[in-house]
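Please work through the following exercises with the sequence and the three-dimensional model at hand. Each task is followed by a solution in steps.

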Amino acid sequence: MFYRFARRIALIFGHILYRFTVSGQEHIPQSGAVIICSNHIHGMDALALAMFSKRQIFFMGKKELFDRPILGPLLRKLGAFQVDRAGNDLQAYRHTMQILKEDKALGIFSQGTRAQEFDNVKGGVAVFALKSGAPVVPVGIRGTYRFFSRLHVHFGPPITMDKYQGRKIKSDLVDEVMTEIVSHVSALTLK
């Protein structure tokens, strides 16, 4: 309920403050587990993705965001959860897998930090997709978040894990899946 209300408010103010070009929203499955994987150019990217998805997206975010007095509780209320980027965060891993097991939409910025180029990605998205069988919807965001500037948000067709089924989840397979994801996200940032 709170998420839907917050999304409506974000849509109103978002359309007043920015000039959005959005495409491919129909690629987000309306049911079942899905992973939304986007490049990360600004702290507002999660808000932009949430604005244009009819499904609630449960975002993974760095733990430092959740330590802030107002922001932390707000993020939790919106369904976001924290991950410790310094090491293997078993609690975040379990929570992620539970979200996918419950057929929800998971949002991840696989670079782990903001960057203009979509490179130096982590393999977590591939691991979660391979273990859960959830498709990955690649998203490319381009532009700036200066008021009244143009922002492009493009959702691509889902990348399914069907062709990878039956293979052991090892580093070479994770790299192969991430290469495919990176290729799609990078292409979408150029649209």
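The model is predicted, so local features need pLDDT of at least 70 and side-chain atom pairs count only at pLDDT 80 or more, while totals for chains, interfaces and linings use all residues. Residues are numbered from 1 along each chain as its sequence is written, and side-chain values use heavy atoms, with hydrogens and water left out.

**Exercise 1. Determine which strands pair with strand 5, and in which sense.**

Step 1. Helices (H or I, at least four residues) and strands (E, at least two) are DSSP runs, numbered from the N terminus. Two strands pair if DSSP finds at least two bridges between them.

Step 2. Strand 2 runs parallel to strand 5, and four bridges join them. In this pairing, I36 has G107 as its bridge partner.

Step 3. Strand 3 (residues 57–62) is also parallel to strand 5, with three bridges. Here the bridge partner of F59 is G107.

Step 4. Buried means under 20% relative accessible area, exposed over 50%, and partly exposed in between (1.4 Å probe, protein chains only). In strand 5 (residues 105–108), A105 and G107 on one side and L106 and I108 on the other are all buried, which leaves both faces covered.

**Exercise 2. Describe the pairing of strand 6 and the hairpin that it forms with strand 7.**

Step 1. Strand 6 runs parallel to strand 2, to which four bridges join it; C37 has P138 as its partner.

Step 2. With strand 7, strand 6 pairs in the antiparallel sense over five bridges. G143 stands opposite L151 of strand 7.

Step 3. The hairpin of strand 6 and strand 7 has six residues between the two strands. Of the eight residues of strand 6, six are buried.

Step 4. Examine the loop between strand 6 and strand 7, where R146 lies. R146 is exposed at a relative accessible area of 58%. Its C-alpha is 7.8 Å from that of Y18, although R146 and Y18 are 128 residues apart in sequence.

**Exercise 3. Characterise helix 6 and state what its buried residues pack against.**

Step 1. Helix 6 (residues 171–189) contains 19 residues and spans 26 Å from first to last C-alpha, close to the expected 27 Å. The expected span is 1.5 Å times one less than the number of residues.

Step 2. Its buried residues include L173, V177, I181 and V185.

Step 3. The buried residues of helix 6 pack against strand 2 (34–38), helix 5 (124–132), strand 6 (136–143) and strand 7 (150–155); contact means heavy atoms within 4.5 Å.

**Exercise 4. Identify which residues make the nonpolar surface patch.**

Step 1. Patches are made of residues with over 30% relative accessible area and no salt bridge; like charges are joined within 9 Å, and nonpolar side chains (Val, Leu, Ile, Met, Phe, Trp, Tyr) within 5 Å. Accessible areas come from the Shrake-Rupley method with a 1.4 Å probe, and for residues only the protein chains shown count as cover.

Step 2. F2, F5, I9, I12, F13, I16 and L74 make a patch of about 640 Å². Helix 1 (residues 2–17) supplies the largest share, six residues.

Step 3. I16 lies in helix 1 and is partly exposed at 46% relative accessibility.

**Exercise 5. Locate D103 and F148, which have positive phi without being glycine.**

Step 1. D103 has a phi of about 60 degrees and lies in the loop between helix 4 (90–101) and strand 5. D103 is partly exposed, at 45% relative accessible area.

Step 2. F148 has a phi near 70 degrees and lies in the loop between strand 6 and strand 7. F148 is exposed, at 53% relative accessible area.

Conventions. A salt bridge is a side-chain nitrogen of Lys or Arg within 4 Å of a carboxyl oxygen of Asp or Glu.
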